[in-house]
Amino acid sequence: MRTSRLRTVHPVLWAGWAALAAGAVLCVVGWYGVSGERFAERQLPYLASCTVPGAALIVSGAVLLARGRDSIAAARVEELYGLLVAAQPADEDETGQAALAPLAVSGELLMVPGGTLWHRADCPLVAGKAEAVPVDSKLVASGELGPCPICEPAEETD
């Protein structure tokens, strides 16, 4: 579900694009000026006044764009965190702590042929899979299959 929020224009991104454009223009002007001069002493003013500042503007524009995108990503992470924190669990006990129910509680154990884990039947990793078959105790005893870290079926069989 996407939240409806306005796409805001971030000034840092605009500043980055403007710096990149200005730097590119200065580099082109510097190149054009240098290419028209035959002697090195006449090329130096174009290098000093156009090409070097143009290159600096290109670098600063790239930094601003990278920083602006990081700030957008950080704002999105903060928004998602706010949504997670705002969601209250439906079943809280009297201390305000959410009662953690086990993810899977079925007693039947299943495995997927060719897999490396064994699961409870209501584990989300095998629930509804037609290829899931009952666990072969020989594979579990030999150590070829390990318990699923999601539904933790090892607690039930120990």
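The tour goes from the whole chain to its helices, then to its sheet.

**Before you start**

This is a predicted model, in which local features need pLDDT of at least 70, side-chain atom pairs count only at pLDDT 80 or more, and totals for chains, interfaces and linings use all residues. Residues are numbered from 1 along each chain as its sequence is written, and side-chain values use heavy atoms, with hydrogens and water left out.

**Stop 1: the whole chain**

Colour the chain by secondary structure. It contains 4 helices and 4 strands, and the pattern along the sequence is α-α-β-β-β-α-β-α. Helices (H or I, at least four residues) and strands (E, at least two) are DSSP runs, numbered from the N terminus.

Now show the surface. The accessible surface is about 11500 Å², and carbon and sulfur atoms hold 64% of it; such areas come from the Shrake-Rupley method with a 1.4 Å probe, and for residues only the protein chains shown count as cover. Of the 158 residues, 19% are buried. Buried means under 20% relative accessible area, exposed over 50%, and partly exposed in between (1.4 Å probe, protein chains only).

Contacts give another view of the chain. Of those with a separation of 6 or more, 60% are between residues 24 or more positions apart, where contact means heavy atoms within 4.5 Å.

**Stop 2: the annotated segments**

Residues 12-34 are 100% helix and 0% strand, with 32 Å between the end C-alpha atoms. Residues 46-66 are also 100% helix and 0% strand, and their end C-alpha atoms lie 29 Å apart.

**Stop 3: helix H1**

Select residues 11-35, which form helix H1. The expected span of a helix is 1.5 Å times one less than its number of residues. For the 25 residues of H1 that gives 36 Å, which agrees with the 36 Å between its end C-alpha atoms.

Which residues of H1 are buried? They are Leu13, Gly16, Ala19, Gly23, Gly30, Gly33 and Val34.

Next pick Cys27, also in H1. Cys27 counts as partly exposed because its relative accessibility is 22%. Leaving aside residues up to four places away in sequence, Cys27 touches Cys50, Thr51, Gly54, Ala55 and Ile58. From Cys27 to Tyr46, 19 residues apart along the chain, the C-alpha distance is 9.3 Å.

**Stop 4**

Select residues 40-86, helix H2, and find Ala66 in it. Ala66 is partly exposed, since its relative accessible area is 42%.

Then show Glu37 and Arg42, which form a salt bridge with their closest N and O atoms 3.8 Å apart. A salt bridge is a side-chain nitrogen of Lys or Arg within 4 Å of a carboxyl oxygen of Asp or Glu. The structure holds 1 salt bridge. Glu37 is partly exposed at 23% relative accessibility, whereas Arg42 is exposed at 52%.

**Stop 5: the sheet**

Select the strands. They make an open sheet of 4 strands in the order S3-S1-S2-S4, with mixed pairing. The edge strands, each pairing on one side only, are S3 (133-134) and S4 (146-147). Two strands pair if DSSP finds at least two bridges between them.

| Pair | Direction | Bridges | Residues to show |
|---|---|---|---|
| S1 (residues 109-111) and S3 | antiparallel | 2 | Leu110 opposite Pro134 |
| S1 and S2 (residues 117-120) | antiparallel | 3 | Met111 with Trp118 |
| S2 and S4 | parallel | 2 | Leu117 opposite Gly146 |

Follow the chain from S1 to S2. The two strands form a hairpin with 5 residues between them, and Gly114 in the turn has a positive phi of about 90°.

**Stop 6: Pro134**

Finish at Pro134 in strand S3. Is it buried or exposed? Pro134 is exposed, at a relative accessible area of 58%. Not counting residues up to four places away in sequence, Pro134 touches Leu109, Leu110 and Met111. Ala121 is 13 residues from Pro134 in sequence, and their C-alpha atoms are 8.9 Å apart.
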